[in-house]
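Work through the exercises below with the structure open beside you, and try each task before reading its solution.

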Amino acid sequence: MKPKILLSNDDGYSAKGIELLYEKLSTWAEVTVFAPEVNHSGASNSLTVSRPLNVRQATNGFYYVNGTPSDCVHIALTGVMQELPDLVVSGINNGANLCEDTLYSGTVAAATEGFLFGIPSIAFSLTARNWPNIEAAADIANEIVKFASAHPQEKPTLLNVNIPPLPHHEFDQIQVTRLGKRHPSQAVIQSTNPHGEPIYWIGPVGEVLDGADDTDIAAIAQGKVSITPLRLDLTHFDQLNQIEKWIKGNV
């Protein structure tokens, strides 16, 4: 029996990255696509709760939703699919999702939504824009998903995978990494609209603050595929006692 994969992204259902990854995965798995109708880069884990959502199907069989990446996976898992998939896969994103990008990324958010339902989930990103060497990246992503499907872990994992824009023969290796650091971002870019009113563009990412050898940044710089396992518990356990003493001493 073929494994079942739910495939999503944040670039939209017609993006080159998801089309090519679907083509690869569907040669050995049963793949269902639920992706946003339009680009939702930077949407993070937002769910649309202020309006109803529509699900439509394109001529190629892809389902698309007029909502966020998290909406797509949530609707697929709770309202449309008859049974849960074995894996949730997101991407391939048009651009990197390194360091603090994971907090803002719609690509990572789609995978995170699957992980919240207890399903092993993987987010893939190509670390250059406009799809250079996307065929090679799709082949690598396909092999990683195939391996994850054939070797399930005891507990579901959430993996963030970044792939450098290299041809097949130039890939060095896969490295398991931690997230680097490069926040804060650069300042916003201010301009004006045709009415003379101020408008603002979010600025570029900040300079690298932590790009040590074991980080995702270093792996990509060395031509390696970076795989970073993520977790969702935001509790700062080291500060529990500190905050408890602070509260008891002042309240």
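The axes used in the first two exercises are lines fitted to C-alpha atoms, taken for helices over the stretch in contact, and angles run from 0 to 180 degrees between N-to-C directions. The model itself is predicted.

**Exercise 1. Determine how helix H1 is oriented relative to helix H5, and which residues make their contact.**

Step 1: H1 and H5, the latter covering residues 134-150, pack at an angle of about 50°, and their axes are 9 Å apart.
Step 2: Angles under 35 degrees count as roughly parallel and those from 65 to 115 as roughly perpendicular, and H1 is therefore oblique to H5.
Step 3: The crossing in which H1 passes H5 is right-handed.
Step 4: On the side of H1 the contact is made by Lys 16, Gly 17, Leu 20, Leu 21, Lys 24 and Leu 25, while H5 contributes Ile 134, Glu 135, Ala 138, Asp 139, Ala 141, Asn 142 and Val 145.

**Exercise 2. Carry out the analysis for helix H2 and helix H4.**

Step 1: H2 (residues 69-80) packs with H4 (residues 106-116) at an angle of about 25°, with 8 Å between their axes.
Step 2: Since angles under 35 degrees count as roughly parallel, H2 and H4 are roughly parallel to each other.
Step 3: H2 passes H4 in a crossing that is right-handed.
Step 4: Pro 69, Ser 70, Val 73, His 74 and Leu 77 of H2 meet Gly 106, Ala 109, Ala 110, Glu 113 and Gly 114 of H4.
Step 5: The residues of the contact of H2 with H4 comprise 5 nonpolar, 4 polar and 1 charged.

**Exercise 3. Explain why the residues annotated "binding site" gather at one spot.**

Step 1: In the UniProt record, an unreviewed entry, this annotation covers Asp 10, Asp 11, Ser 41 and Asn 93.
Step 2: Although they span 84 residues in sequence, no two of their C-alpha atoms are more than 9.0 Å apart, so they gather at one spot.
Step 3: Asp 10, Asp 11, Ser 41 and Asn 93 belong to the lining of the second largest pocket.
Step 4: Asp 10 itself is found in the loop between strand S1 (4-8) and helix H1 (16-25).

**Exercise 4. Describe the backbone at Ile 92 and at Ser 44.**

Step 1: Gly 91 and Ile 92 are joined by a cis peptide bond, with omega about 5°, and Ile 92 is found in strand S5 (residues 87-94).
Step 2: Ser 44 has a positive phi of about 55° although it is not a glycine, and its place is in the loop between strand S2 (30-36) and strand S3 (55-57).

Methods
Residues numbered from 1 in each chain as written. Predicted model: local features only at pLDDT ≥ 70, side-chain atom pairs only at ≥ 80, totals over all residues. Heavy atoms only, no water. Helix = DSSP H or I, 4+ residues; strand = E, 2+ residues; numbered from the N terminus. Parallel < 35°, antiparallel > 145°, perpendicular 65-115°, else oblique. Left-handed = near helix turned anticlockwise from the far one by under 90°. Contact = heavy atoms within 4.5 Å. Nonpolar A, V, L, I, M, F, W, Y, C, P; charged D, E, K, R; others polar. UniProt positions renumbered as here; feature names shortened; annotations may be inferred. 1 Å grid on protein atoms, 1.4 Å probe; cavity = no way out; pocket = protein on both sides within 12 Å on 5 of 7 lines; lining within 4 Å.
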